[in-house]
Amino acid sequence: MDSNMHPQIRQWKLAIERFYATPDPDYREMARMVAEIAATDLDETLRQAAAQVLPILRRAALTSADRRTRMMALRRLGIIGDALHMLAMPLFGRRGLAPKAPTQEDQYRQLLGLPLGRRLATTEIHQAFKHAAKTAHPDGGGNGPAFHELAAARDALIRHH
């Protein structure tokens with residue numbers, strides 16, 4: 001998720017930065033903002049962080065709150081700051097993409113228990129078929145369709161190599 005997609009993330013980050021920079025921060029206003037974050041459907045982690053921070057912020061907003069409570073609220077607010085930072089970071093590379101679907105040849109190799117991504121010898125394919133066929137053959141406790149699928153995988157791989 002990019003901060004350009006959700007300007008609210010940028011606003012919340014800025015509000016937290018201002019809160020930290022102010023010598024006498026308004027804990028009541030920050031508690032309202034954290035309650036808003038807890039109610040959003042933007043991100044589960046962000047909602048959980050806000051739900052954890054909200055009680056201490058509400059206590060710090062009371063006029064009777066001591067220095068220790070307010071310091072704890074400041075520290076806990078950092079959890080939300082971290083979550084917002086992670087949401088605002090740009091994603092580089094191929095993160096977030098769906099995994100590539102295996103090709104038909106890859107499926108055949110997996111079915112026979114053969115390694116992916118390298119050239120196979122015909123004898124290697126045949127040996128893997130024999131090993132897998134011991135349990136897939138109807139005489140070995142398997143079933144006919146599974147055995148035929150193994151045979152089709154073997155034949156296709158041998159034709160390809």
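Me: Which residues are exposed on the other side of helix 4?
Reply: Those are Arg 67, Arg 68, Arg 75, Asp 82 and Met 86. Exposed means over 50% relative accessible area, buried means under 20%, and partly exposed is in between, with a 1.4 Å probe and protein chains only. Bear in mind that this is a predicted model, where local features need pLDDT of at least 70, side-chain atom pairs count only at pLDDT 80 or more, and totals for chains, interfaces and linings use all residues. Residues are numbered from 1 along each chain as its sequence is written, and side-chain values use heavy atoms, with hydrogens and water left out.

Me: And which residues of helix 4 are buried?
Reply: Thr 69, Ala 73, Leu 77, Ile 80, Ala 83, Leu 84, Leu 87 and Ala 88. They sit on the same side of helix 4, because they cover an arc of only 135° around the axis. That arc is taken from the directions from the helix axis to the C-beta atoms.

Me: What do those buried residues pack against?
Reply: Helix 1 (7-21), helix 2 (27-39) and helix 3 (44-61).

Me: How far apart are the end C-alpha atoms of helix 4?
Reply: They are 31 Å apart, which agrees with the 32 Å that its 22 residues (67-88) should span at 1.5 Å a residue. The expected span is 1.5 Å times one less than the number of residues.

Me: Back to Leu 77, what does it touch?
Reply: Leaving out residues up to four places away in sequence, Leu 77 touches Ile 16, Phe 19, Tyr 20, Met 30, Val 34, Val 53 and Leu 57. A contact is heavy atoms within 4.5 Å.

Me: Which residues touch the most other members of the largest nonpolar core?
Reply: Met 30, Val 34, Leu 46, Leu 57, Leu 77 and Ile 80, out of 27 residues. Helix 3 gives the largest share of this core, nine residues. A nonpolar core here is a set of buried Ala, Val, Leu, Ile, Met, Phe, Trp, Tyr and Cys residues joined through side-chain atoms within 4.5 Å.

Me: OK, new topic. Is Arg 154 buried or exposed?
Reply: Buried, with a relative accessible area of 18%. Arg 154 lies in helix 7 (residues 144-160).

Me: Where is Gly 113 found?
Reply: In the loop between helix 5 (104-112) and helix 6 (122-136). Gly 113 counts as exposed, at 63% relative accessibility.

Me: What radius of gyration does the protein chain have?
Reply: 29 Å, whereas a compact globule of 161 residues would be near 15 Å. The radius is taken over C-alpha atoms, and the globule rule is 2.2 Å times the number of residues to the power 0.38. Along its principal axes, the C-alpha trace spans about 80 × 35 × 25 Å.

Me: What's the mean pLDDT of the protein chain?
Reply: 86, and 91% of the residues reach 70 or more. Over residues 1-5, though, the pLDDT is below 50. pLDDT is the predictor's confidence in each residue, from 0 to 100. Where pLDDT is low, the predicted coordinates should not be read in detail.

Terms used: Helix = DSSP H or I, 4+ residues; strand = E, 2+ residues; numbered from the N terminus.
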